[in-house]
Amino acid sequence: WNRSFAPYAALLPFVLIIRLITLKYYGLCRLRGEFSFVDESVRIFKAVAIGSLLIVSIAFLFRGGTAFRAFSYARAVFVYDFALALIGYVLVHFTLRGLQIVVRGRGINLIPTLVVGRGPEAAFCINEMQTRRSLGYRVIGVINGVEAGTEAEFAGVPVIGSLRDLPGAIRDSGANEVIITDPNVPPDTLFDVMMSGELRRGIEFRVAPSLFNSLPHKTDIDQIGAVPMIRLFREPLSDAARITKRIFDLVVTVAALIVLTPLLILIALMVKFGSRGPVLYRQERIGMDGRRFMFFKFRTMTVNNDDSSHREYLKQYIAGEDSVNLGDEDKPVFKLTKDTRVTGIGRRLRRLSLDELPQFFNVLRGDMSIVGPRPPIQYEVEIYEKWHRKRLDMKPGITGLWQVSGRNRLTFDEMVRLDVFYIENWSLMRDLKIIALTIPVMLRGDGAQ
């Protein structure tokens, strides 16, 4: 062991973590045949450059630990690191891409895809994907758009249903991607399809350029061969803001898990011995842009309970009915305060919001953020009005502006307005302020039952 290498060895864990994060952020952990080699090269360069800048920053802040405070890292090492990482990424990534092209040329590893529409855009899109297998797509069916049709085939591909049948067609065919080419598809109809409870997680939706005028602001333009595609949807933050928020989330989450691990173990034991059932409660929630994810929290209810009362209450709450106020005019309460499904331990955990702590793992997975709108349940989103959907424009959070601004004393519309305000006015300082305000709210148990 060479002691002169020790300060550099101390940096290796940070280097590995940073490199993995930047690879993941720029989508380089997944081989995408629709991207050209030039596009891939640009993304690799960005990932390596951003990673190297972060490594340099960590190195000069960390200084190798307490044993190496006076140590000065050689600048040439970081230049070598950048060059080796760039060359290594390029060689490995393009070697795998080459192997992927060979495999896909034999009809293997193709993404099952449905095309919505029977116009010229649909025909061109189908032809491009069928003649260039290296793109990685296999069109397994065509869905009639707004226009009616009785044809059994279109462009050599079977027609398997209409737009209203799309959720069932995705489920039955096993499609992983849906390409919308019909310019007359109403945006509301498209959103309802994407929100359908029949769809499994991970379905990718893309639209042809002719639909651009009807799209929301959050879009990203890709290219599949010669066909430009607009991918739904993108986060409303700029690239720099998104990186900042994600790094902030990871730093806070890792620090919180280190500090809170003894408490997590204690709560887990309390839940385990407090009532029959699993320690963690898992539920499918709706995240940014309607993407489904598995939501974690400590179980606070009995198992196999009936949620019909909660469904009905949510329906009335979203509709703004007066009967949902379980308090009075001076101190309104918009929550089921006497829910018989809640266990004794669960009621105590809910009062201090300690049941929410496992959501730090959702943040690590990238499904949630530390601060943001609360993640809704599927049957809640299905009865949203159009403007309510704006709260899905950002990753949901463990805490948010709603929690520190009145929580269960606010009507649903007031909650949504706070979420929209937060999304449209995001800043790191606002996140820090909300986190600081969350702690006393938790300790007081404000609005938690």
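Predicted model: local features only at pLDDT ≥ 70, side-chain atom pairs only at ≥ 80, totals over all residues.

Visitor: Rings first, then. How many aromatic pairs are there?

Guide: The structure holds five aromatic pairs. Take Tyr25 and Tyr26: the ring centres are 5.1 Å apart and the planes stand at 90°, so this pair is edge-to-face.

Visitor: And is Tyr26 buried or exposed?

Guide: Tyr26 is buried, at 17% relative accessible area. Tyr25 counts as partly exposed, with 30% relative accessibility.

Visitor: What does the side chain of Tyr25 touch in the way of polar contacts?

Guide: Arg242: the two side chains make a polar contact of 3.1 Å. Arg242 sits in helix H8, which covers residues 239-274, and Arg242 is buried at 16% relative accessible area.

Visitor: What about the pair formed by Phe45 and Phe82, what's the geometry?

Guide: That pair is edge-to-face, with 6.0 Å from centre to centre and 90° between the planes. Phe45 belongs to helix H3 (residues 37-62) and Phe82 to helix H4 (residues 75-105), so the pair ties together parts that are 37 residues apart in sequence.

Visitor: How accessible are those two, Phe45 and Phe82?

Guide: Phe45 is partly exposed at 44%, and Phe82 is partly exposed at 26%.

Visitor: Which residues make up the ring cluster?

Guide: Tyr313, Tyr317, Tyr384 and Phe412 are linked into a cluster by ring pairs. For a charge on a ring, look at Arg285: it lies over the face of Phe295, 4.1 Å from the ring centre.

Visitor: OK, switching to salt bridges. How many does a search of the whole structure find?

Guide: It finds 15 salt bridges. One of them joins Glu40 and Arg97, with 3.1 Å between the closest N and O atoms. Glu40 is in helix H3 and Arg97 in helix H4, and the pair links distant parts of the chain, 57 residues apart.

Visitor: What about Arg291, which residue does it bridge to?

Guide: Arg291 pairs with Asp289, and the closest N and O atoms are 3.6 Å apart. Arg291 is partly exposed at 37%, while Asp289 counts as buried at 8%.

Visitor: And what does Lys297 meet in a salt bridge?

Guide: Lys297 meets Asp355, at 3.1 Å from N to O. Asp355 is in the loop between helix H10 (344-351) and helix H11 (359-365), Lys297 is in strand E10 (residues 292-298), and the two are 58 residues apart. Both Asp355 and Lys297 are buried.

Visitor: Helices now. What span should helix H5 have, and what are its ends doing?

Guide: H5 runs over residues 120-131, twelve residues in all; at 1.5 Å a residue they should span 16 Å, and the end C-alpha atoms are 16 Å apart, which agrees.

Visitor: Which residues of H5 are buried?

Guide: Ala122, Cys125, Ile126, Glu128 and Met129 are buried in H5. They cover an arc of only 165° around the axis, which puts them on the same side of H5. On the face turned away from that buried side are the exposed residues Pro120 and Thr131.

Visitor: What are the buried residues of helix H7?

Guide: In H7, residues 187-194, they are Leu190, Phe191, Val193 and Met194. Their arc around the axis is only 160°, so they are on the same side of H7.

Visitor: Last topic, backbone. Which phi value does Asn109 have?

Guide: Asn109 has a positive phi of about 65°, though it is not a glycine. Most residues other than glycine have a negative phi. Asn109 is in the loop between H4 and strand E1 (111-116), and it counts as partly exposed at 45% relative accessibility.

Visitor: And what about Ser353, what's its phi?

Guide: Ser353 isn't a glycine, but its phi is positive too, at about 60°. Ser353 is in the loop between H10 and H11, and at 6% relative accessibility it counts as buried.

Definitions and conventions
Residues numbered from 1 in each chain as written. Heavy atoms only, no water. Phe/Tyr/Trp six-rings, centres within 6.5 Å; stacked < 30°, edge-to-face > 60°. Buried < 20%, exposed > 50% of the residue type's maximum accessible area, 1.4 Å probe, protein only. Helix = DSSP H or I, 4+ residues; strand = E, 2+ residues; numbered from the N terminus. Lys NZ or Arg CZ within 6 Å of the ring centre and 35° of its normal. Salt bridge = Lys/Arg side-chain N within 4 Å of Asp/Glu carboxyl O. Expected span 1.5 Å × (residues − 1). Arc of directions from axis to C-beta. Polar contact = N/O pair within 3.5 Å; in protein donor to acceptor, adjacent residues only side chain to side chain.
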